[in-house]
Amino acid sequence: MEEQKNKAASDGKDINYAIALYYTGGDEQCAREMLEGRYRDLFIIKASFQSSSLAGAFLLFYNIKHLKLVDVCAYVTSGVMSPIPDPAVLWWEFEKTVTRLIREGEQDHILVRTLRDGIIRSFTKSFIADLNRFLENEDDISLNRLVQKVVQDALGLQRLEMKVMAVNTTSLEMEQKSITTRKIDPQNLETQKLNAAGQVRPLDDAASGNVPRVGVDGVKLILKSSFILSPIKGKDITRLQVGDRVRINIIDKNPKAVAVAKAFNAYDEQNQKFLPVNARIRQIEKAEGKGIEAYALLAKGILAHIIEEEENIKVAMDPNYVWQSEEEEKNPVNVTGMIVIILIIAICTAVIIALIKLL
């Protein structure tokens, strides 16, 4: 019995160490420090807000070592009387409350998507520099103002009450306790091999054979992107298929993304923002644990990678593509109408001729 307990404890340590190695890129010293809680690579920013028309809450999982927004969990409602969680509680308790509100509350999916896109787009170099400074100096007031501006810009709000708190933790704790962030595949952790230097080889997210990869089948660049929503004229995301031409936003931080956008006249130099572009869906499927995952062709060798968690939304289509589709749908109706008219004329003509002969 004691041996089983020791083995279980040893296995747990091995798994945690493998997770720490994954998030530290194979750095064994940093991984050991992460296990001890000394290498804190992650900030979790908890926020709640309320205005005269909207209320909401969200968590940002931000890796300060890699200057990367790892994930976002958000809730937005137009029911301003809805209870909003207090960011002062432990981050995993705050996350549980947010997910419960998402599940049971009056979630506005369009506004959630708008807020998520606004948050992702806000992570420019200047924003990250300010964010890092405020986090490292524990300047809660400036942090509150910074995050508040992001929410105001994303949702078009003039006034709102905002409460923001940040906690410095580790990616290991996120992996263990978060119920919304994407998890590492345990099989990948168990089967990862050591390279020649004896370090853990970084895991390949694109291990699946049908997932497009740079350098394979002529793919030169893959850019993170998002669908543009169109609640009235859009197409249900679950009805999208290969060949559909959709409207998307590039949200990738890769410097090459700007060059691509400029080639499409889809980059606002003055405000340093991407503008919508058209792309043709090359691959789309429902991915377990992710939602709808799609790859769309922007140009030869350049793909847009899109992950959409919500399934009850409508996606904006290329206006020219939609117009052609509507015309194609109308043509059969028009032809049928003409045939009916011709038949009526023929029948009427035959009746008239018959009456003339009788006279």
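Colleague: Is Gln 272 buried or exposed?

Modeller: Gln 272 counts as exposed, at 54% relative accessibility. The cut-offs are under 20% relative accessible area for buried, over 50% for exposed and partly exposed in between, with a 1.4 Å probe and protein chains only. Before we go on, this is a predicted model, where local features need pLDDT of at least 70, side-chain atom pairs count only at pLDDT 80 or more, and totals for chains, interfaces and linings use all residues. Residues are numbered from 1 along each chain as its sequence is written, and side-chain values use heavy atoms, with hydrogens and water left out.

Colleague: Ok. Where does Gln 272 lie?

Modeller: Gln 272 is in the loop between strand 8 and strand 9 (273–274). Helices (H or I, at least four residues) and strands (E, at least two) are DSSP runs, numbered from the N terminus. Gln 272 is not a glycine, yet its phi is positive, about 55 degrees.

Colleague: And what is phi like at Asn 265?

Modeller: Near 55 degrees for Asn 265, a positive value in a residue other than glycine. Asn 265 sits in the loop between helix 9 (255–263) and strand 8 (267–268), and it is exposed, with a relative accessible area of 71%.

Colleague: Which loop has Pro 231?

Modeller: The one between strand 5 (221–227) and strand 6 (235–236). Pro 231 is exposed, with a relative accessible area of 51%. Its C-alpha atom is separated by 5.3 Å from that of Lys 314, 83 residues apart along the chain.

Colleague: On to charges. How many salt bridges does the structure hold?

Modeller: There are 14 salt bridges. The criterion is a side-chain nitrogen of Lys or Arg within 4 Å of a carboxyl oxygen of Asp or Glu.

Colleague: What's the N to O distance for Arg 113 and Glu 308?

Modeller: That salt bridge comes out at 1.8 Å, N to O. Arg 113 lies in helix 4 and Glu 308 in strand 12 (residues 302–308), so the pair ties together parts that are 195 residues apart in sequence.

Colleague: Are those two buried or exposed?

Modeller: Arg 113 and Glu 308 are both buried.

Colleague: And which residue does Arg 100 pair with?

Modeller: Glu 104, in a salt bridge with the closest N and O atoms 3.8 Å apart. Both residues belong to helix 3 (residues 91–104), four residues apart, about one turn of the helix. Arg 100 is partly exposed at 35% relative accessible area, while Glu 104 is exposed at 56%.

Colleague: What about Asp 153, which partner does it have?

Modeller: Asp 153 forms a salt bridge with Lys 149, the closest N and O atoms being 2.8 Å apart. Being four residues apart in helix 6, Asp 153 and Lys 149 are separated by about one helical turn. Asp 153 is exposed, with a relative accessible area of 53%. There is also a network in which salt bridges with shared partners join Glu 33, Glu 36 and Arg 38.

Colleague: Changing topic: at what angle do helix 4 and helix 6 pack?

Modeller: Helix 4 (residues 109–122) and helix 6 (residues 140–155) pack at about 125 degrees, their axes 9 Å apart. The axes are lines fitted to C-alpha atoms, for helices over the stretch in contact, and angles run from 0 to 180 degrees between N-to-C directions.

Colleague: So what do you call that arrangement?

Modeller: Helix 4 and helix 6 are oblique to each other. Angles under 35 degrees count as roughly parallel, over 145 as roughly antiparallel, 65 to 115 as roughly perpendicular and the rest as oblique.

Colleague: Where does Leu 355 lie?

Modeller: In helix 10 (residues 319–358). Leu 355 is partly exposed, with a relative accessible area of 48%.
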